[in-house]
Structures are given as structure tokens and as C-alpha cells.
Amino acid sequence: MKKIGILTGGGDCPGLNAVIRAAVRKSIQAGWEVIGFKNGWKGIINNEYVSLDHNAVSGILHRGGTILGTSRTNPYNDDDSTSVDKIKNTFKENGMDALIAIGGEDTLGVANKLAQEGLPVVGVPKTIDNDLNCTDYTFGFDTALNIATECIDRLHSTAESHNRVMVVEIMGRHAGWIALEAGLAGGADVILIPEEKVNIEEVCNLIKKRHSRGKTFSIIAVAEGAQLDNQDVTTEEDLDQFGHVRLGGIGNQLGKMIEDKTGFETRVTVLGHIQRGGTPTAFDRVLGTRFGVKAVELILAGKWGRMTSLQGNKIVDVPIQDAVGVLKTVPEEYYNMAKVFFG
Ligand code: F6P
């Protein structure tokens, strides 16, 4: 019987279990066996896996997170120079015929390098940030977007009751998709994203203009990756194995500036990992399911180094190589459209 390995890497996101379940169900249908590596690339380096049969993936479709665990381990940049060789050994030792790597830019970057080294690897794109190229959407984004929108809805009533400015800090490291669309859907009065320079004077003028029309409250949606004075706002200096800083804190800095410059009482809410936790939306469950089935179809066809992708309403495949390297950021014209609703 042929054998497929599967792993989930990078930040978790709602819909991962739908992919795992679908890949296992499709493999069983094809007469293949599946093993799941624990905690991303760490699990395949250390050959730590669980067997994934019908029972193992029963009852997980609606569950957030990943039953396999995840990590931000980078085999090309960890403390052990033999990590990539260990991965190759794991393939041999287990008699593995293929690997499905489910992840974002970082995890798929590793998958791409391994495929270029000749390993039979396919990829499935995931990230709540929706910043992966060559796919219209990644699963997890829709859930995060809906959570952030509901939070903005909830902030409205308390903002209005207290005549306050509410700053809401939303996830999005290099791309502002969640902040932009939650801001649009929730009726935020200013939206700030990493792709656009933040002009604090302009933000304050927009708030003042709104209040001069008789409005007594405002909602400001800011992506954690938006920059102040062309600098990331971070909680610590250390970089992870993929070279990322841990972002956070722009909401509080912005809130203070707004209060100082406008005189309006301001409060800050940081949504944080609430956006990544819990049950996936129907959209993310269906997208994850379609990706999981497609990943096994790619394996059956021997299409190594390819990634599943949503284009329009079709599930297609693209080279992983094309999806990594350059991020899919918010186009300027989309942000300009959103500006119609500022102030
Ligand atoms: O990449 C997804 C993401 O949620 C980003 O929006 C955020 O900056 C980052 O992960 C947080 O990572 P961690 O959970 O490791 O703190």
C-alpha cells in the first residue's frame, strides 16, 4: 500500500482539520495510507507521527486549530544543520511516497525547496492573512474576517454610549486584508494597513471632521503590521526561524496619539489570537475540504512541487514556486475605494 505523509506548519488557522480530514478520506478512497507528522517540520525532522485512519479524522471538520499541532520550525534555518537530511531519512524509513505540506509563505517556501531537491511534495495554502500569491483566497481568512467584523460591530455600541474613539488592532503581518475587509464590513471610520503609509495628522483630521458633523464616536481599524514612521511596531526584538519579528502594539501607540492630538477619549482593543481560534466558517470548511481532495489528486497524478489554488470558483494547481517569494498585498485601488468611507 502506498503512503502519504501530511503536516501543518506555521501559525494555526481555522480549516486545517477540514484539509486533513479530506486528504485522509480521499487517500482511503484511492487505497493509500496516511500518516500525520506532529508539530510541522519539527515532526518530520524527528520522525514523530500518528497514523491517520478513518477514525482519527472523524468529528474534526468543525474544530479549529490542527489535530497534528504546528510550529514555526524551519529545517533550512534551525540549530541542526542535518535537519534536511533527517527529513529525507524520514521519507525512506517510513517508505513514504509523498508529502502534503499545509502552510503559508514560510511552510510552502520549505516545501518548494524540498520539491526542488527531488522530494515528492505538494502544498496546500493556508493563512488567515490571505497574503499568499496565486490563490484568490486561503482558508482561515474568512473565519478571521468574520470574527474581526463581529468585534467591530460590538465596539460600536460601547463607543457610541461613551462618546469615544475606539482603535481596534487586527492581525495582518505584511498585508492588511483582514483589517481592510473587516473595516469595510464593520463600517470603520478609518482603516490603516501595512501597504499604506500612516499619516497621523490625516487620521486625526478625519476623526475631527466626522465629529464636527455631529458624530460623537469613531472606530479606527489598524492592522498590526501597519508602520509608524516607516517602522514596524513590535513587542520584542527577537526573530523567529523565518526571520519574522513578533508584531503588536501599534493600536496602543496610535490610541495615545489620537487622544493627545484630538482630545477625544480613546480606548484600544487588540483582537490578537481570538481571530485565529475556534470553529471555522462554512466557507473555510468547504475550501479546506476542496483543497484536501485536490492535494491527493495532485499526488495521484505525480504533480510534485505544485500547490492547490482557488481561482474564481475552480480548484486548480499552480507551481509552489510561483506562490512564494512575493506576497499578495492589498492593491492601492482597493484601499482607495475604502477611503470613500473614511471620516
Ligand atoms: O501569519 C498569521 C499570523 O496570525 C499573523 O497575522 C500574525 O502576525 C502572526 O501569525 C502571529 O504569530 P504567532 O501566533 O506566532 O504569534
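A polar contact is a pair of N or O atoms within 3.5 Å; within protein, one must be able to donate a hydrogen and the other to accept it, and residues adjacent in sequence count only if both atoms are side-chain atoms. A polar side-chain atom of Arg276 lies 2.9 Å from an oxygen atom of the ligand, and one of Glu224 lies 2.5 Å from a ligand oxygen atom. Gly172 takes part through its backbone, with an N or O atom 3.4 Å from an oxygen atom of the ligand. Taken alone, the ligand exposes 400 Å², and the protein buries 80% of that (areas by the Shrake-Rupley method with a 1.4 Å probe).

The model is predicted: local features need pLDDT of at least 70 and side-chain atom pairs pLDDT 80 or more, while totals for chains, interfaces and linings use all residues. Residues are numbered from 1 along each chain as its sequence is written, and side-chain values use heavy atoms, leaving out hydrogens and water.

The residues around the ligand (a heavy atom within 4 Å) include Arg72, Ile128, Asp129, Met171 and His273.

Next come the pockets. On a 1 Å grid over the protein atoms alone, a pocket is an open set of points where a 1.4 Å probe fits, with protein on both sides within 12 Å along at least five of seven lines; lining residues have an atom within 4 Å of a point. Of its 38 lining residues, Arg72, Met171, Arg173, Glu224 and Arg276 lie nearest the centre. The lining comprises 10 nonpolar, 13 polar and 15 charged residues, where Asp, Glu, Lys and Arg count as charged and Gly as polar. Strand 9 (a DSSP run of E, at least two residues) gives the most to this lining, with 4 residues. Because domain 1 (3–139 + 280–323) and domain 2 (144–276) both give residues to the lining, the largest pocket lies between them.

The second largest pocket contains about 200 Å³ of space. Its lining has 7 nonpolar, 1 polar and 4 charged residues, among them Tyr335, Lys339 and Phe342.

Methods. Domains from an automatic or database assignment. Points joined across faces, edges and corners; volume = space filled by probe spheres on them.
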